[in-house]
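Please open the structure in your viewer and keep the selection tool at hand. The stops below are to be visited in order.

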Amino acid sequence: MDGDFVIGGVFSLHYKQLTVIYNYTTKPEPSRCTGSLIPRELRFTRAMMFAVEEINNSTELLPDIKIGYHIYDTCTSVPMAMHVAFLLANGQDPVFYKGNICSQSGVVLAAVGDSASSPSITISRILGSFNIPLVSHFASCVCLSNKQQFPTFFRTVPSDQFQADVLVNLVKHFGWTWIGAVYSDSDYGNYGMGSFLKAAQTEGICVEYSESFFWTDPHSKIRRVADVIRRSTAMVVVAYIAPSEVRVLFEELAREPPSPRQWIGSEGWIIDLDLMSFSFCAGAIGVGIQQSLIPGLRDFLLDLSPTEVAASSVLTEFWEDAFKCTLTENVDPERKVCDGTEDITILTSPYTETSQLRVTNMVYKAVYAIAHAIHNAVCKETKTTTMCDKHIKLESKQVLSELKNVNFSRNGYPVSFDANGDPVPFYELVNWQKNENGVIKLVTVGYYDGSLPKGQELHINRNITWVQGGTQVPESLCTQSCPAGTHKVLQKGKPICCFDCIQCPEGEISNKTDSPDCFPCPSEFWPNAERNACFPKPVEFLSFDEVLSIILAVFSVIGACLAIITAAIFFHHRTTPIVRANNSELSFLLLFSLTLCFLCSLTFIGVPSKWSCILRHTAFGITFVLCISCVLGKTVVVLMAFKATLPGSNAMKWFGPPQQRMTVMTLTFIQILICTVWLILSPPFPMKNLSTYKEKIILECALGSAVGFWAVLGYIGLLAVFCFVLAVLARKLPDNFNEAKLITFSMLIFCAVWITFIPAYVSSPGKFTVAVEIFAILASSFGLILCIFAPKCFIIIFQPEQNSKKCLMNKN
């Protein structure tokens, strides 16, 4: 149609271009399209004509100015798109309508189209050289946002970069980490899937397979892609495909439908109502261009008179395909002749489907965007009127400049472009749902608004029907999530989504699913059996309510009572020869020290505290030195007594009772001095032992200074060895009741106990260290009291006749 200003229209009305073999002997025929007519694309072209008609009838936009158009078919072919681009730039006659054109006004000022990205890239490169803007309604390739390569390209459909982000958000929202990917081997599919895969990788989404194809590829390749889908383990398939590729893929899959798959679709095919006949895709979800309402468009689409149809080769083709008849007699003998009863108002076709206008509205907005740019270039606004100059020499670069600044709304839908020529992204989330009759319908279940803050763009506001009519979100994982208490270990040679779940090592936990690592509990905590939480470690010490403690305490009390009873027996028989002959003063002091030795073992039982730790070690060291000092004194007394019986010997005057007391006090004072230095420099203190057992805390007394502890113990050992040596020297003295023999046995037991104590003490874990020390105290104390005093008590109580001076001095 001619006009004051002419714009171009570029649509993919057919699937392919007629292949011509050139023989270079005759003039080549003009390029032609072949294949079936695409009714949806015809609707796009008619929507452009409708928009131009509205603008021409408007009194506000371009008043008194008529817009004309030249509309071309690119056949979804890059070579044909190149040809069309030169036709637009050169102002050649259009091929859409038959008949003569009254005006040859030269190049178009701007163009709408194409529906596909690859033809749009070709056209934009050529038209860009002439500063002719191209406003596409459906070319969404990311590459077209590059203003250095495509400075004159605009679009009313969002860029695939946004669509890729939406698809990744969608996959992430439903927790799918193991997916398959198929895409068109074209600019649309390659750039779109590239953006998707890049974004998916950053979100930890793994792709089991990634297959590309084009609808003209050999059938063997299409079958191979279908077989990959059938054999895959990924439940979710993301399809970034143009409608032409989707159809051939679905037809191949329909031959042998795969196990249920959840299809995630790009806007290229998910909103195509023709594809909803493939029932195995029911439940598919994807992103679609916002549906809209264009008042009056349906009436315009249905207002086709026979004369208008017959005047257009494209409309004729559509009419004959839709009603299976021919408008020209004898052209196709297998088809009936159209008799005029055909009613387009009851025709079910994508051409007449206007219930969910999506891409059609993008065409409508593209035409209006160009019209507003022309309006801003040729019209001047006053307070009351708008004056437009249709005779002005308007150039395409002026329209290009004005297009960058357009900002208006039409039917409630805003139109503007950013610095890359892209609109603000807004998508609907659509779902293929079966109705009660089993027919798949396109249902809007949410939306994505790119104008909202990051992280708040995606909204789902309606129930989704999943694959096989399910209401639960299907799972698509290479490996089931690792529960708390385990961590992920990647499987060699596989993506990061494929892993093994390994239980956390001892002492470590993980408290969330799919944890990449385990972490240790704090020092005073330990994992539970499931290793998903830390609990305070149980505190262990030798408490009074334990069986072992009770046994040791009972023996301690028994030993103390035994010492007291022995002292009582000796006191009662203090005048008898056997008591007097064994140095009664040292004997009572020895029994007193043994009582303290038995009782000091009780200080080792119970919760360690600052004072109990100090008391247990010092009391033990001092009482035992007192005890050994008494035994040593008794041994020396026996030796001195034997020496005193020799003629002329006065040995006893050198070791009488004062000297005995002084010896005991001196030896004991040395131990007191050692303990004092120990307590001043580095005393014992209570501590929590976290190293002996990983799973529990041992409350114990730290030695403070190990040197101090071993000095105390060494001093006791030194006295014991010295006493043992003296006792051995006196063991064969010829008295009936030679006490040296008894001391020898007691010292032998004492030394044996404490020699074995050292390795047992060092190797015993936890509270058993304390138990070993108590056992050594009790064993050595019982050894002393039983070896030294038991034989004497036996004679005093059961053989009193032998408790006489005569029997005591008898050497036979």
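A residue is called buried under 20% relative accessible area, exposed over 50% and partly exposed in between (1.4 Å probe, protein chains only). The model is a predicted one, in which local features need pLDDT of at least 70 and side-chain atom pairs count only at pLDDT 80 or more, while totals for chains, interfaces and linings use all residues. Residues are numbered from 1 along each chain as its sequence is written, and side-chain values use heavy atoms, with hydrogens and water left out.

First, select C482 and C501. A disulfide (a pair of cysteine sulfur atoms within 2.5 Å) joins C482 to C501, with an S to S distance of 1.9 Å. The torsion about this S-S bond is about -90 degrees, so the disulfide is left-handed. C482, at 0% relative accessibility, is buried, whereas C501 is partly exposed at 34%.

Next, select C504 and C518. Their sulfur atoms are joined in a disulfide at 2.0 Å, and the link is left-handed, with -80 degrees about the S-S bond. Both C504 and C518 are buried.

Then select C630. C630 is in no disulfide, and the nearest cysteine sulfur, that of C627, is 6.8 Å away. With a relative accessibility of 0%, C630 is buried.

Now turn to C33 and C75. A disulfide joins C33 to C75, with an S to S distance of 1.5 Å. C33 is partly exposed at 22% relative accessibility, and C75 is buried at 0%.

Finally, how many disulfides does a search of the whole structure find? The search finds ten.
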